[in-house]
Amino acid sequence: VDAFEFDVWLSRDKVPVLMHDATAYRTCGVDKRMKDMTLTDIRALDAGSRFDLKFAGEKVPTLEEVLALVSASAPPDFMLGVEIKDYTEECADITVAMLNAHGITDRCFFYCFSAPIVRYLKQRHGVRTMGYPDFQMRDFFDGAYEYYDDIGIAMNVLKSEAFPLYAAKGLPMHMYCADNEADVRLSIEKGAAYITANDPTALHQVLGCSIGNG
């Protein structure tokens with residue numbers, strides 16, 4: 001694959017960690033918000049056994065751990081989709097500072113479902129931003145699209161009558177999540193600049209790639 005995407009939250013003691021949801025319940029069985037737990041609390045979670053016992057004991061990763069891995073082993077053109085899930089300027093600042101320290105910031109797309117945070121990322125840090133259609137955004141405001149470099153288009157939006165409205169913005173489109181061949185082909189047909197998938201198998205098949213070989 002050419003990139004991977006992850007979601008960043010701050011722990012109670014201001015350490016950026018990766019988790020899709022606001023709480024650890026779905027993945028770890030603990031109904032606590034990420035921002036209410038310390039890093040020690042989060043590191044005690046089991047992020048694997050609810051999926052398969054062979055993953056028991058898997059830890060919730062910190063952003064620092066992921067960036068160290070990328071720095072050490074990813075190709076130099078490998079991209080990162082960094083979604084700020086904790087809709088605060090503080091989370092954005094800490095995340096960007098850590099990316100800067102690893103020299104990776106220019107290889108990132110910064111996503112957020114908060115229009116003010118997209119604007120903040122663009123104005124304060126000058127990074128490449130991706131927002132979503134206005135009806136999906138929190139606190140959308142007139143002129144918010146001016147702060148988008150790219151726009152994220154979900155499969156349900158791509159297949160709806162509203163899609164031409166967002167395609168007409170003229171922004172590079174990130175289609176997500178294209179997990180089967182039909183959705184991959186539709187994304188390409190409709191002009192996707194980037195395609196995100198939970199499982200890249202269909203993408204590899206349509207694009208003629210072999211997993212592990214590019």
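Four bridges join strand E5 (residues 79–84) to strand E6 (residues 108–111), and the two run parallel. Strands, here, are DSSP runs marked E of at least two residues, helices are runs marked H or I of at least four residues, and both are numbered from the N terminus; two strands pair if DSSP finds at least two bridges between them. This is a predicted model, in which local features need pLDDT of at least 70 and side-chain atom pairs count only at pLDDT 80 or more, while totals for chains, interfaces and linings use all residues. Residues are numbered from 1 along each chain as its sequence is written, and side-chain values use heavy atoms, with hydrogens and water left out.

## The sheet

E5 and E6 belong to an open sheet of eight strands, whose order is E2-E1-E5-E6-E7-E8-E9-E10 and whose pairing is mixed. Strand E2 (16–18) and strand E10 stand at the edges with a single partner strand each, so one side of each is left without a neighbour in the sheet. Strands of a sheet pair through backbone hydrogen bonds, either parallel or antiparallel. The table lists parallel pairs of this sheet, with the bridges that join them and one pair of facing residues.

| Strands | Bridges | Facing residues |
|---|---|---|
| E1 and E5 | six | Asp7 and Glu83 |
| E5 and E6 | four | Val82 and Phe110 |
| E6 and E7 | two | Tyr111 and Met130 |
| E8 and E9 | four | Ile151 and Met173 |
| E9 and E10 | two | His174 and Tyr194 |

E5 is mostly covered, since five of its six residues are buried, where buried means under 20% relative accessible area, exposed means over 50%, and partly exposed lies in between (1.4 Å probe, protein chains only). Together with helix H4 (89–102) and E6, E5 makes a right-handed β-α-β unit; the crossover is called right-handed if, with the strands pointing away from the viewer, the path from the first strand over the helix to the second runs clockwise.

In helix H3 (residues 63–73), the buried residues are Leu63, Val66, Leu67 and Val70. Seen down the axis of H3, these residues fall within an arc of 95 degrees, so they line one face of the helix; the arc is that of the directions from the helix axis to the C-beta atoms. Leu69, Ala72 and Ser73, on the other side of H3, are exposed. The buried residues of H3 pack against strand E1 (3–10), E2, E5 and H4, with contact taken as heavy atoms within 4.5 Å.

The loop between E6 and helix H5 (115–125) holds Ser114, which is buried with a relative accessible area of 4%. Not counting residues up to four places away in sequence, Ser114 touches Tyr87, Met137 and Arg138.

Within H8, Asp183, Val184 and Ser187 are buried. They cover an arc of only 100 degrees around the axis, which puts them on the same side of H8, whereas Ala182 and Glu189 on the other side are exposed. The buried residues of H8 pack against helix H6 (155–158), E9, E10 and helix H9 (201–207). After H8 comes Gly191, whose phi is positive, near 95 degrees.

Ile195 has its place in E10 and is partly exposed, with a relative accessible area of 23%. Leaving aside neighbours within four places in sequence, Ile195 is in contact with Met175, Ala178, Val184, Ser187, Ile188 and Leu203. The C-alpha atoms of Ile195 and Thr62, which are 133 residues apart along the chain, are separated by 25 Å.

## Aromatic rings

Rings of Phe, Tyr and Trp (its six-membered ring) pair if their centres lie within 6.5 Å, and planes under 30 degrees apart count as stacked, over 60 as edge-to-face and the rest as tilted. By this rule the count comes to 10 aromatic pairs. One of them is the edge-to-face pair of Tyr145 and Tyr148, at 5.0 Å centre to centre with 65 degrees between the planes, and both of these residues are buried. Ring pairs also link Phe140, Phe141, Tyr145, Tyr147 and Tyr148 into a cluster.
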